[in-house]
Amino acid sequence: MNSTAIKLKKIGIGSIPILLFFIFWEGGARIIPEGVISPPSDAIVAIFRSAFSDILLEQTLISLYRVLLGFLLSLIIGIPLGFLLGTFFSSAEKALLPFFRTCEKLNPFAIIPIFMIFFGIGTSEKVVVIFWSALWPVLFNTMAGAKDIDYNLLRAARSMGATRRELFTKVVLPYTAPNIFIGIEFAAQLSFFMIIASEVIGASTGLGWYYINSTARYDLPLMYGIVLFITVLGIIINLLFARLKKRFLVWKEASQLH
């Protein structure tokens, strides 16, 4: 059996639980009193209608734009800071770590109203929420990777006259790349989750607002359709980063073998 047939078989077997879920959902929606659950067939039709009217694409792009801004800001600050604290400024890392851990433990949902007071309910507030949520996994994974560097490599590089910049670009950065990517993967997943939550709590645009707007109009098919759409988007993001992470981990394993 060739690789294509094996992949198709795996996809077919993996699709069985999903098909059963939709079958039970469809059947249950027909049994339960009307106005409680929308059948998946109606939800799919509703979300396709929304897609063809361009409103779904518009709100999705708004949410993804906010996610991208906050996520990139967390990378710009979190990765360099993690490198510095994990390598050359270990004393500062010991002094700041308790404060950073305390900030990490703050529930993002609990402080969304505080961000709304300072930044309003527009794009700025959403970007800050994403930045706050994504910063900590990026920062801590970068620090952990930097502290896990084999110092024999650093000593060898220093003995050959490497500067700090060369140590960073040729030793520290390649060695810590897999750890950094793990933090980036988790931060990306968290960012997508938090943008929906922040738009649900307070927004006038975005996917979260679109969902709340459908609930206010009690449009059950669209409500469930948006939930399905958000779920599919989340799965796509997970699959994308899982594939990229696999490549990074393969690179690390190969480097360790040599």
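Reply: The questions below take up a helix pair, a pocket and a salt bridge.
This is a predicted model, in which local features need pLDDT of at least 70 and side-chain atom pairs 80 or more, while totals for chains, interfaces and linings use all residues. Residues are numbered from 1 along each chain, and side-chain values use heavy atoms, without hydrogens and water.

Me: Why is H3 called oblique to H9?

Reply: Helix H3 (residues 55-86) and helix H9 (residues 207-216) pack at about 135°, with axes 8 Å apart. Angles under 35 degrees count as roughly parallel, over 145 as roughly antiparallel, 65 to 115 as roughly perpendicular and the rest as oblique. H3 is therefore oblique to H9.

Me: What makes the contact of H3 with H9, by class?

Reply: It has 5 nonpolar, 3 polar and no charged residues. Ala, Val, Leu, Ile, Met, Phe, Trp, Tyr, Cys and Pro count as nonpolar, Asp, Glu, Lys and Arg as charged, and the others, Gly among them, as polar.

Me: Into which classes do the lining residues of the second largest pocket divide?

Reply: The lining of that pocket (residues with an atom within 4 Å of a point of the pocket) has 11 nonpolar, no polar and no charged residues. H10 gives the largest share, 5 residues.

Me: Why do Arg-66 and Glu-199 count as a salt bridge?

Reply: The term requires a side-chain nitrogen of Lys or Arg within 4 Å of a carboxyl oxygen of Asp or Glu. The N to O distance here is 2.8 Å, so the pair qualifies. Arg-66 lies in helix H3 and Glu-199 in helix H8, 133 residues apart.

Terms used: Axes are lines fitted to C-alpha atoms, for helices over the stretch in contact, and angles run from 0 to 180 degrees between N-to-C directions. Helices (H or I, at least four residues) and strands (E, at least two) are DSSP runs, numbered from the N terminus.
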